[in-house]
Amino acid sequence: MPTDTAHVRTGPRATPLTRTTARATGWVAAFGLALGLLAAVPATLVTGASPAQADQAEEVILEDGAGVIHEPTLLEGLDGISFYEPTTVVVWTQRGEAESNLNERLLADARENHPEWISDDGQKWTDGLFIYAIDPEGRLQGVYFGEDRKVGLDLQEDIREDAVDSLREADWTQAALDATESAAAVMNRPWYRHPGLWVGGGVLVVIGGIVGGVSVASRKSQQQKAQAELDRGNRAFTNVSTDLEATELNAHTVPEDSRYGAMVLERYRTFHERYLQAARENDRLSGIPVTKLHRKEHRQAVTAYMKQAEELDQLDDTVGSTNTLLNKYPGWPEAWDIQTAPMREDLGQIDELVTGQHKLKADQLSPLRSFRPEAERELERLGAGLETGQISPDEALDGLDALRVRLTGLLDDYAKAQIDAFATSDAERQTLQQELERERHRASRRPGSILDTVHQPGWFWTATAFHLGYSSGQSHVVTAREQAEASSSNSSTGYGSSGGSFSGAGSSSSF
């Protein structure tokens, strides 16, 4: 059973320091790897520094007013935590309310019952002290330090964060151990164990080996990305080169009196010039060593070449489909299927888009739902009309264009409804709109699609682009909300009106 007050004193024992926070551990290991690079640093900076001493808690004081700490588990756990300097650990709990000031309540209790926790001048926490406080009812926690143990506010926040998981699982004893272990790793930490820089004897030593390692890794990643884009561009360029003669023949027989034929031929007008430019880039970029591809000018050139080659590859497919469909040459049904494929794919995703949207009203969902069967019937009518010759290819494309324009309008309305239902501010609405528009204009053109070729990027909404854009915007908004919540999580450093001029190091926050 927990007790209201427990005092356990243990003598300091000099043993190797074995426990650090996960953040410090990775950097300390990296420092070890960098030592060989620091021959120019005076040996006294490393060997002349006093070794870190590892001490168990000098004294453990349990003030469990809330009755939530399991004393044997706490003491056993604290016995395995090492401190850089002998430290008195206080675990203090009290039930209160979220609106109350935990700092103020702790100080009031210390003034009344534990004046030894306060410095002689009454302004600070006493030297050698670490206090961890929990209010399980008000869901508050705090960390407090004697003047010779204090750490910055960022580290105080890190210490509290290390205890949050246990607190949210109502494992109060483990939370006290988590916070204490985290604090022990940073209180009075020697300069040569700091995870950022080595400072000693007035000399600032930057760990060049680590920076160099990061630079090498970044360069390697950039080389690999550039090589992958170059490979994509080369594959597309090879396809264009292989089909070049057939593409030119197809272009010569595309009917110019067709409105769609004329628009595709206009897009094709610069095809040969762009192909020659891509050929020159193919030769030039193929001569650049892989080890040089990370350079900015090469990476930009590779990306531009890849986009150019893929656009040409899509355009030659479209020229072929246009020629086959408009002239109704053998294979024209397959060419028509290529035109309807984006629409059919969108229709297949409508149910997924509207499922689970409980915040939207029925009249906001029904237009998309009813559009699907109507559009499917229209696609069948257009295909049958082409088959029987009742409608021309241009008329069929007009009908398909009208369907895709209608779907785009419906998705516009649906986007507005979803934004209104999810966003809570103008900033959130803007974020969602920006991400939706970005994905709409980034949507890939379908190879062989006449409508995608004759219209500008972003002319049509696709269900895939809508889903990606909304999901991305929603993710940005949620992240911003979490960050705002974290920054306004009732974090407090003051001791309230009754605290007077007390300015002991420490802070509290909700969990």
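How many of the six residues of S5 are buried? Six of the six are, so strand S5 is largely enclosed by the rest of the structure. Buried means under 20% relative accessible area, exposed over 50%, and partly exposed in between (1.4 Å probe, protein chains only).

The model is predicted: local features need pLDDT of at least 70, side-chain atom pairs count only at pLDDT 80 or more, and totals for chains, interfaces and linings use all residues. Residues are numbered from 1 along each chain as its sequence is written, and side-chain values use heavy atoms, with hydrogens and water left out.

The protein has 17 helices and eight strands. These are DSSP runs numbered from the N terminus (helices H or I, at least four residues; strands E, at least two). Buried residues make up 45% of the 511 residues. Among contacts (heavy atoms within 4.5 Å) with a separation of 6 or more, 75% link residues 24 or more positions apart.

Both faces of S5 are covered. Leu 140, Gly 142 and Tyr 144 are buried on one side, and Gln 141, Val 143 and Phe 145 on the other. Strands pair if DSSP finds at least two bridges between them. S4 and S5 run antiparallel, joined by six bridges. Leu 140 in S5 is the bridge partner of Asp 135. S5 also pairs with strand S8 (residues 505-510), antiparallel over six bridges. There, Tyr 144 stands opposite Gly 506.

The hairpin of S4 and S5 has four residues between the strands. Within this loop, Arg 139 takes a positive phi near 55°. Arg 139 is partly exposed, at 36% relative accessible area. Asn 188 has a positive phi near 60°. It lies in the loop between helix H6 (172-184) and strand S6 (198-200). Its relative accessibility is 30%, so Asn 188 counts as partly exposed.

A nonpolar core is a set of buried Ala, Val, Leu, Ile, Met, Phe, Trp, Tyr and Cys residues joined through side-chain atoms within 4.5 Å. The largest holds 70 residues. Leu 325, Trp 336 and Phe 466 are among the members that touch the most others. Helix H14 (residues 393-422) gives the most to this core, with twelve residues. Apart from it lies another core of 32 residues, including Val 68, Ile 81, Ile 134 and Val 143.
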